[in-house]
Amino acid sequence: MTQKLNLVHWADMTADRIIRQHGDKDDYVVASGITPSGVVHFGNFREVITTDLVARGLRARGKNVRFIFSWDDYDTFRKIPANLPKQDELAQYLFQPIVDTPDPFGEHDSYAAHHEHNFEEQLRKVGVDVEPIYQAKKYRAGDYKEQIKLALNKRFEIRDILNQYRKEPYGDDYYPVSVYCEKYKTDKTTILSWDGESKLRYKHNEHDYEGEIDINTTSLVKLPWRVDWPMRWAFEKVDFEPGGKDHSSQGGSFTTAKDIVKIFDWEAPIYLQYDFVSIKGLGGKMSSSKGNLVTVNDILKVYEPEMVRWIFASYKTNVDFAISFDLDVLKTYEDYDRQERLAYGLEQGNEKKVAMAKRVLELSQIGEHPAECPFQPSFRHLCNVLQINDGDIEAARAFYADQIKNDRDERRFRERSACALHWLQENAPEEFKFAINKEAVDMPLEQNVRTYLDKLVALCESEWDSIADDKEFNDKMYEIMHELELKPADIFAPIYQKLISREKGPKLAGFIRTIGKERVIKLLK
């Protein structure tokens, strides 16, 4: 499926803005990053997917794109998330580098590596390919020593930029660095002096200890976030990086960074603010330190990988939205399937809607874009088919066998079935769930209702294979009903009781046909 390159999507508009403002080059650098201070949650994913979508916009224009992802694992371990084990052990590493904190799960080399590995694995599942940069390695390799010296020698210029937005301005004792103490390992230190070339003196705030270190040979000096961020823009020659509301407000870190970056002889990248994402039913902003978070893996248990991308690509970055785990999951799947049909010309829409549907779908793909619209089992109906088959995916597949034509259809069925089962088990409201009775339920019935059921059984026995579809079966059910002068309310509840021991259930005609002739006759007789 091809289309003329256009400007219908914000990722394409942003790509064109980057080219226009940073010059038409062959190669561009886009950036994102996070501090692995705890489990990387789904709210953080918006920054990464925003960057990825813009990178795809640039590549669609024939550009080479380097997508760097900075792990700020040389930051200080300031707070232990409430949901982690071995709290006492972790407490011994507070205010030391995150990269030096042990993994409480015993799976990786460090606490930082544990969270880094997990998030990188999740990104791969949704088709995001990044070049990870581990900042502890960069600092410890001395890659930034000249930039640190420059910041120290320009400290009053940096101070004056920051002071424009501070209620309590920094004084002459301001230094744009922090030091991890050689003896006590933490960054609870105060800078005493800088000799203008390479030597830095400091003291530990909680112990009677002073030390002197040489920028040329030490790896214990780190730039604080507001200086570190623009320094890395210059070091990596970044052309684009988005930021959240917290960085984007007037006087926030982006405001100061775009001035500080000039000290490092670079200009601020093209910037895009993104709003927060929430989970419907989960109160408040997600926080690693509080432990109230949902990960990309959690979302992938309910939504297919392409759908996760599609959800983000469908919203402008300055719009906040919620991911639903409740009944709205059904609507999200219906919306996705409708957009897919629009994009492939299987459903009609105005030119603008079709163009947007095509572009959003392109940006949502993981791997090769299918030439034909993939198989679309309705999520709602799939939930019914799976429950009718007691959660057996192979048995459910038999129901769709003639519709699954290729590997992509097979993947769609498997992924969607797994999502439907998880949603039914963990998130679906009780009234949506059911189980087909194993044996016939004996229950008192009015004579005319019993007569209706006998006639319905006779219909199934004689005409099941000749009935074309659910509508024809529904019409025949109503013919019997009118013949016996009954109303839907008279017969629907008893039928549901006999089938699933509930008063209500899925649309009855289609439900009966999906259950199958033999089981229906056995339960209604």
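I started with Phe321, which counts as buried at 7% relative accessibility. My cut-offs: buried is under 20% relative accessible area, exposed is over 50%, and partly exposed falls in between, with a 1.4 Å probe and protein chains only. Before going on, I noted that this is a predicted model, where local features need pLDDT of at least 70, side-chain atom pairs count only at pLDDT 80 or more, and totals for chains, interfaces and linings use all residues. Residues are numbered from 1 along each chain as its sequence is written, and side-chain values use heavy atoms, with hydrogens and water left out.

**Rings**

I then looked up the partner of Phe321. Rings of Phe, Tyr and Trp (its six-membered ring) pair if their centres lie within 6.5 Å; planes under 30 degrees apart are stacked, over 60 edge-to-face, and the rest tilted. With Tyr315, the ring centres are 4.1 Å apart and the planes are at 5°, so I wrote this pair down as stacked. Tyr315 is partly exposed, at 33% relative accessibility. Ring pairs also join Tyr315 and Phe321 with Phe42, Phe45 and Phe312 into a cluster.

How many aromatic pairs does the rule give? The count comes to 32. One of them is Phe69 with Phe119, a tilted pair at 6.1 Å centre to centre and 40° between the planes. This pair links distant parts of the chain, 50 residues apart: Phe69 is in strand β2 (residues 64-71) and Phe119 in helix α4 (residues 111-125). For the labels, helices (H or I, at least four residues) and strands (E, at least two) are DSSP runs, numbered from the N terminus. Phe69 is buried at 1% relative accessible area, and Phe119 is buried at 1% too.

**A loop residue by the cluster's stretch of chain**

Next I checked Thr317, in the loop between α12 (305-313) and β12 (321-323). Is Thr317 buried or exposed? Thr317 counts as buried, at 7% relative accessibility. Contact here means heavy atoms within 4.5 Å. Leaving out residues up to four places away in sequence, Thr317 touches Trp10, Arg46, Thr50, Leu272, Gln273, Tyr274 and Asp275.

**Charges over rings**

I looked for charges over rings, meaning NZ of Lys or CZ of Arg within 6 Å of the ring centre and within 35 degrees of the ring normal. Arg155 lies over the face of Tyr175, 4.1 Å from the ring centre. The charged end of Lys188 sits over the ring of Phe95, 4.1 Å from its centre.

Lys185 has a positive phi, near 75°, and is not a glycine. Lys185 lies in the loop between β4 (178-179) and β5 (189-194), and is partly exposed at 46% relative accessibility. Asp265 also has a positive phi, about 65°, without being a glycine. Asp265 sits in the loop between α10 and β10 (270-274) and counts as exposed, at 68% relative accessibility.

**Asp409**

I found Asp409 in helix α17 (residues 407-426), buried at 5% relative accessible area. Asp409 touches Pro374, Phe375, Gln403 and Ile404, not counting residues up to four places away in sequence. Pro370 is 39 residues from Asp409 in sequence and 9.9 Å away in space, C-alpha to C-alpha.

**Cavity and pocket**

On a 1 Å grid over the protein atoms alone, a cavity is a set of points where a 1.4 Å probe fits but cannot get out; a pocket is an open set with protein on both sides within 12 Å along at least five of seven lines, and lining residues have an atom within 4 Å of a point. Points are joined across faces, edges and corners, and volume is the space filled by probe spheres set on them.

I got one cavity of 30 Å³ or more. The largest cavity has a volume of about 70 Å³, and among the residues lining it are Tyr139, Tyr144 and Lys145.

The second largest pocket has a volume of about 540 Å³. It has 20 lining residues, with Arg380, Asn384, Gly505, Pro506 and Lys507 nearest its centre. Helix α15 gives the most to this lining, four residues.
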